[in-house]
Amino acid sequence: MIILETVSDLQKAIFPLKKEGKSVGFVPTMGALHEGHVSLVKKSIEQNDITVVSVFVNPTQFNNQEDLIKYPRTLDKDTSLLESVGADIVFAPLVKEIYPEPDTRQFDFGLLDKVMEGKFRPGHFNGVAQVVSRLFDIVKPDRAYFGEKDFQQLAIIRDMVKQYNFPIEIVPMPIIREPSGLAKSSRNQRLSETEKEQAVAISRILFKSKSECGRYSVKETLKNVIDDINNVESLTVEYFEIVDGNTLQTIDNWSDTSYAVGCITVFCGDVRLIDNITYFNK
């Protein structure tokens with residue numbers, strides 16, 4: 001495995017391989033890697049000749065500068081993990097490599113980025129689109145891998161690829177969870193042991209709501225989940241919405257869609273955690 005820090009070095013390493021007809025898989029990350037990221041890397045290794053993993057904390061997608069400062073940075077640990085699972089290239093650039101000059105591009109995703117995360121983190125998805133499109137232009141992969149935990153982000157990336165005709169297959173990967181059910185997240189590193197135990201309630205209550213969705217209406221399910229989570233010490237729901245999995249627009253009745261997904265963001269203390277659950281996809 002090689003670790004590269006500049007665009008020119010990365011392209012010098014990749015382009016000769018692509019000329020030989022080798023396929024390139026790409027896993028963009030912000031580091032602080034966990035088993036969820038590992039699942040993406042392993043799938044890329046399985047499906048491609050070369051796997052590139054980027055480790056870059058993108059400043060343009062943080063609307064809260066304190067959150068950017070607190071975001072965990074564990075490059076040495078990350079590179080050791082990536083080498084152990086068989087990644088070929090780690091791209092760990094400085095900000096000036098990704099943004100040699102300020103990126104002023106504004107993307108239009110219709111209603112996809114106006115709801116949920118887009119509503120509570122204005123500008124977040126524009127920053128995501130900036131960095132991912134820039135990385136796609138740099139790496140020029142055949143396939144790129146994204147986790148379904150960031151459900152709305154996955155929808156945004158798919159729309160961006162379609163809009164801008166990137167010749168890239170987007171490969172979604174399922175949420176990886178702790179044995180307790182807690183969704184794996186880089187932000188989990190900021191939780192105390194007590195908070196981690198309390199955060200388990202998020203997935204437990206979501207799975208309970210799925211088992212009961214035939215008994216309760218959409219409105220009742222929303223209330224039940226929010227009330228149950230808010231009743232757990234240290235947990236506060238920022239939003240919980242049940243949406244059409246394709247349009248991300250809220251539904252009023254289960255019959256409004258054939259693909260219903262519940263998307264949630266919860267503060268555990270001052271750590272912001274996201275999760276989602278698919279109620280059905282017919």
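How many bridges join strand β2 to β3, and do the two run parallel or antiparallel? Six bridges join them, and the strands run parallel. The legends below take this pair as a starting point. The model shown is predicted.

**View 1. Strand β3 and its partner β2.**
Strand β2 spans residues 24–29 and pairs with β3 in the parallel sense. Six of the six residues of β3 are buried, so the strand is largely enclosed by the rest of the structure. Both of its faces are covered. I50, V52 and S54 are buried on one side. T51, V53 and V55 are buried on the other.

**View 2. A32 in the loop between β2 and α2.**
A32 is found in the loop that joins β2 to α2. Its phi is near 50 degrees. That is a positive value in a residue other than glycine. A32 has a relative accessible area of 1%, under the 20% limit, and therefore counts as buried.

**View 3. H37, annotated as an active site.**
The UniProt record, an unreviewed entry, gives the annotation "active site" to H37. H37 lies in helix α2, which covers residues 35–47. Is H37 buried or exposed? H37 is buried, with a relative accessible area of 14%. Beyond residues up to four places away in sequence, H37 touches T29, G31, A32 and S186.

**View 4. Q61, annotated as a binding site.**
UniProt lists Q61 under "binding site", again in an unreviewed entry. Q61 lies in the loop between β3 (50–55) and α3 (65–70). The residue is buried, with a relative accessible area of 9%. Which residues does Q61 touch, not counting those up to four places away in sequence? They are M30, R121, H124, G127, V128 and V131.

**View 5. Q130 in helix α7.**
Q130 is found in helix α7. At 5% relative accessibility, Q130 counts as buried. Leaving aside neighbours within four places in sequence, Q130 is in contact with T60, Y99, D103, T104, R105 and F107.

**View 6. Helices α1 and α7 pack together.**
Two packed helices are described by the angle between their axes and the distance between the axes. Helix α1 covers residues 7–19, and helix α7 covers residues 124–139. They pack at an angle of about 50 degrees, with their axes 9 Å apart. The two helices are therefore oblique to each other. From α1, the contact takes in V7, L10, Q11, I14 and F15. From α7 come R134, D137, I138 and V139. These residues divide into six nonpolar, one polar and two charged.

**View 7. The open sheet β7-β8-β9.**
Strands of a sheet pair through backbone hydrogen bonds, either parallel or antiparallel. Here three strands form an open sheet in the order β7-β8-β9, and the pairing is antiparallel. Strand β8 covers residues 259–268 and pairs with β9 over 10 bridges. C268 stands opposite V271 in β9.

**View 8. Helix α10 across the sheet.**
Helix α10 (residues 218–230) lies across β7, β8 and β9. The helix runs at about 160 degrees to β7. I226 has its place in α10. This residue is partly exposed, with a relative accessible area of 26%. Not counting residues up to four places away in sequence, I226 touches V237 and F240. L206 is 20 residues from I226 along the chain. Their C-alpha atoms are separated by 9.8 Å.

**View 9. N165 in the loop between α8 and β6.**
N165 lies in the loop that links α8 (151–163) and β6 (169–173). Its phi is positive, about 55 degrees, although N165 is not a glycine. Is N165 buried or exposed? At 62% relative accessibility, N165 counts as exposed.

Definitions and conventions. Residues numbered from 1 in each chain as written. Predicted model: local features only at pLDDT ≥ 70, side-chain atom pairs only at ≥ 80, totals over all residues. Heavy atoms only, no water. Pairing = 2+ DSSP bridges. Helix = DSSP H or I, 4+ residues; strand = E, 2+ residues; numbered from the N terminus. Contact = heavy atoms within 4.5 Å. Axes fitted to C-alpha atoms, helices over the stretch in contact; angles between N-to-C directions. UniProt positions renumbered as here; feature names shortened; annotations may be inferred. Buried < 20%, exposed > 50% of the residue type's maximum accessible area, 1.4 Å probe, protein only. Parallel < 35°, antiparallel > 145°, perpendicular 65-115°, else oblique. Nonpolar A, V, L, I, M, F, W, Y, C, P; charged D, E, K, R; others polar.
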